[in-house]
Amino acid sequence: QVHLVESGGGLVQTGGSLRLSCAASGRTFSTYAMGWFRQPPGKEREFVAAVRWSGVSTYYTDSVKGRFTISRDNAKNTLYLQMNSLKPEDTAVYYCAASSRYGSSWYLPSMDVQYDYWGQGTQVTVSS
């Protein structure tokens with residue numbers, strides 16, 4: 001089992017940057033595929049990005065490609081999301097999630113039902 005805690009959210013102007021972190025407890029962090037999701041105000045939660053256990057393979061939703069970078073440091077049990085060129089439509093609560101069933105798979109899960117553990121979320125607000 002893994003406990004996830006996000007941090008790094010806040011208020012930023014359009015075009016600005018933020019880096020989200022997700023600290024994981026437990027000694028098996030490196031065996032999980034990890035992902036970031038977000039829930040904009042009044043909308044459903046949506047996939048943002050995922051990374052394989054090794055950090056080598058990544059996958060992004062089209063709207064963030066070229067602007068966001070997902071990465072992980074298995075030695076520090078931490079997942080990151082570097083967000084650049086932020087837009088007002090990026091405003092949302094951002095969640096990190098861990099998937100044990102796809103931990104060793106080349107497939108990177110993009111649906112929330114494919115993830116087993118979730119953090120509490122961190123608010124990102126981009127002002128226009």
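**Exercises on an open sheet**

In this structure, 4 strands form an open sheet in the order β1-β3-β8-β7, with antiparallel pairing. The model is predicted: local features need pLDDT of at least 70, side-chain atom pairs count only at pLDDT 80 or more, and totals for chains, interfaces and linings use all residues. Residues are numbered from 1 along each chain as its sequence is written.

**Exercise 1.** Find which strands stand at the edges of the sheet.

Solution. Strands here are DSSP E runs of at least two residues, numbered from the N terminus, and two strands pair if DSSP finds at least two bridges between them. β1 (4-7) and β7 (68-73) each have a single partner strand, so one side of each lacks a neighbour in the sheet. From one strand to the next, the twist averages 15 degrees (axes are lines fitted to C-alpha atoms, and angles run from 0 to 180 degrees between N-to-C directions).

**Exercise 2.** Work out how β3 pairs with β8 and with β1.

Solution. Begin with β8 (residues 78-83): β3 (residues 18-24) pairs with β8 in the antiparallel sense over 6 bridges. Within this pairing, R19 has Q82 as its bridge partner, and A23 stands opposite T78. Next take β1, which pairs with β3 in the antiparallel sense over 4 bridges. Here E6 has C22 of β3 as its bridge partner.

**Exercise 3.** Determine how many residues of β3 are buried.

Solution. Buried means under 20% relative accessible area, with a 1.4 Å probe and protein chains only. By that cut-off, 5 of the 7 residues of β3 are buried, and the strand is mostly covered.

Methods. Heavy atoms only, no water. Buried < 20%, exposed > 50% of the residue type's maximum accessible area, 1.4 Å probe, protein only.
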